[in-house]
Amino acid sequence: SALAAAAPPTFEGAPETYKMIFDNDKFRVISATWKAGTTDKPHGHPLAFVVYPLDDCTIRVHNPDGSTRDVVSKAGVPTPGPVSESHTAENITGKDCHAIFVERK
């Protein structure tokens, strides 16, 4: 399956969802917008990151093995995320969701 191999980073794998807004030798900052009811394209998180949600949101992560997990975010509550090779993210919230990712290089 397309999810089985390592996927490109967010902003390359799913540019309709993830936009790089800052990049230097130490950090990368990515703005994410998940439209209500949509699933983004396969992508990975090759760097350690913190996600800062701008909305209360529930994202269903689809893993390469077919399993899923629901990530419930609260606006303004930063959460560290795992380095991962490949998954897709489905917005099951019923409204658009926005977040900022800060990746440490």
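Trainee: Where is His87 found?

Mentor: Strands are DSSP runs of E with at least two residues, numbered from the N terminus. His87 sits in strand β8, residues 84-91. This is a predicted model, where local features need pLDDT of at least 70, side-chain atom pairs count only at pLDDT 80 or more, and totals for chains, interfaces and linings use all residues. Residues are numbered from 1 along each chain as its sequence is written, and side-chain values use heavy atoms, leaving out hydrogens and water.

Trainee: Is His87 buried or exposed?

Mentor: Buried means under 20% relative accessible area, exposed over 50%, partly exposed in between (1.4 Å probe, protein chains only). His87 has 8% relative accessibility, so it counts as buried.

Trainee: What does the side chain of His87 make a polar contact with?

Mentor: A polar contact is a pair of N or O atoms within 3.5 Å; within protein, one must be able to donate a hydrogen and the other to accept it, and residues adjacent in sequence count only if both atoms are side-chain atoms. Here the partner is the side chain of Ser84, at 3.3 Å.

Trainee: In what order do the five strands form the open sheet?

Mentor: Strands of a sheet pair through backbone hydrogen bonds, either parallel or antiparallel. Two strands pair if DSSP finds at least two bridges between them. The order is β1-β2-β9-β4-β7, with antiparallel pairing. β1 (18-23) and β7 (79-81) are at the edges with a single partner strand each, so one side of each has no neighbour in the sheet.

Trainee: How many bridges join β4 to β9?

Mentor: Five, between residues 49-53 and residues 97-104. Tyr52 stands opposite Ile100 in β9.

Definitions and conventions: Helix = DSSP H or I, 4+ residues; strand = E, 2+ residues; numbered from the N terminus.
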